[in-house]
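Please walk through this structure with me, from its strands to one of its helices, then to its pockets and a few single residues. The sequence and the coordinates come first, and the explanation follows.

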Amino acid sequence: MKLDVLYQFNEKYAPYAGASITSLFENNKHFDEIRVFILGEELSDKSMHRLRELSAAYSRPMSFIDTRSLVVMMKKMNMPPYRGSYAANMRLFLSFILDESVDRLLYIDSDTIVDGPLDELAELNMEDHPLAMSLDSLVRIHKKRLGFSQDDFYYNSGVILFSMSKWRSERCSERIANHVKNVRAWYPSPDQDLLNVVLYMQLMLNPLMM
């Protein structure tokens, strides 16, 4: 069994990411292969060294993706940082940075602990969906401000399962970039709101919930 896993974080969250990745490795030793992809922002050499030591200790490959071009792109689109960092929005533009060897991809927030095996997610039938997310318990006023009715689904972006082949064919990254440039760049919950607003058809009409 194989699983590709994505993390994105800046230097501030590197220690939390280390704990999350440790929990991922420790509770999924039975997987034949786990590849970890890191979208980092201004990570220190010390943090990167520690993460590489962690991956070596579990014999799991880890790749650090150069995100500088993404940051430049977001700045050109006038996309504002979130709490002083561009890291939160990096996974919205996966089509621009990951090659086609990556298909099923599990994104995990850097402050999330994996407390068990991930077999169900590795084998989940995603049907024709580019991504799977869990429902969010959001206050009503926020949904209203985004233009959603109270009966509409709204999803949490802390853990996302991507079908990258479908994500690419649906041009999801391109659609999000177009929305940022031509419709709206700032949202209170930047990545989460953008996913829900731009990918309404994929998420709302035929919800696939984890």
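Where is the place of F153? F153 sits in the loop between α5 (140-145) and β6, where helices (H or I, at least four residues) and strands (E, at least two) are DSSP runs, numbered from the N terminus. This is a predicted model, in which local features need pLDDT of at least 70 and side-chain atom pairs count only at pLDDT 80 or more, while totals for chains, interfaces and linings use all residues. Residues are numbered from 1 along each chain as its sequence is written, and side-chain values use heavy atoms, with hydrogens and water left out. F153 counts as partly exposed because its relative accessibility is 29%; buried means under 20% relative accessible area, exposed over 50%, and partly exposed in between (1.4 Å probe, protein chains only). Between the C-alpha atoms of F153 and D66, which are 87 residues apart along the chain, the separation is 34 Å.

Strands are taken to pair if DSSP finds at least two bridges between them. By that criterion β6 pairs in the antiparallel sense with strand β4 (residues 104-108) over five bridges, and I108 stands opposite V159 in β6, while L105 stands opposite F162 in β6. Strand β5 (residues 131-135) also runs antiparallel to β6, joined to it by five bridges, and here L131 stands opposite F162 in β6. Strand β4 is mostly covered as well, with four of its five residues buried. The pairing of β4 with β1 is parallel and consists of three bridges, with D4 placed opposite L105 in β4.

Helix α7 (residues 172-182) shows how burial can be arranged around an axis. Its buried residues are C172, S173, I176, A177, H179 and V180. They lie on the same side of α7, because they cover an arc of only 160° around the axis, the arc being that of the directions from the helix axis to the C-beta atoms. In general, an α-helix has 3.6 residues a turn, so residues three or four places apart point the same way. On the other side of α7, K181 and N182 are exposed. The buried residues of α7 pack against α6 (164-169) and α8 (190-198), where contact means heavy atoms within 4.5 Å.

What is the volume of the largest pocket? It is about 640 Å³. Of the 25 residues that line this pocket, Y13, Y82, R83, A88 and D109 are the closest to its centre. A pocket, found on a 1 Å grid over the protein atoms alone, is an open set of points where a 1.4 Å probe fits, with protein on both sides within 12 Å along at least five of seven lines, and lining residues have an atom within 4 Å of a point. Grid points are joined across faces, edges and corners, and a volume is the space filled by probe spheres set on the points. At least two residues of the lining of the largest pocket come from each of β1 (2-10), β6 and α8. This lining divides into seven nonpolar, ten polar and eight charged residues, where Ala, Val, Leu, Ile, Met, Phe, Trp, Tyr, Cys and Pro count as nonpolar, Asp, Glu, Lys and Arg as charged, and the others, Gly among them, as polar.

The second largest pocket holds about 170 Å³ of space. The elements that give two or more residues to its lining are α1 (14-26) and α2 (45-57). The lining includes E11, K46, S47 and R50, and its residues divide into five nonpolar, three polar and three charged.

E11, one of these lining residues, lies in the loop between β1 and α1 and counts as partly exposed because its relative accessibility is 29%. The C-alpha atoms of E11 and L43 are separated by 4.7 Å, although these residues are 32 residues apart along the chain. Not counting residues up to four places away in sequence, E11 touches E41, E42, L43, S44 and S47.

E42, one of the residues that E11 touches, is found in the loop between β2 (33-41) and α2. Its phi is near 55°, a positive value in a residue other than glycine, and E42 is exposed, with a relative accessible area of 73%. N78, in the loop between α3 (68-76) and β4, likewise is not a glycine and has a positive phi of about 60°. With a relative accessible area of 62%, N78 is exposed.
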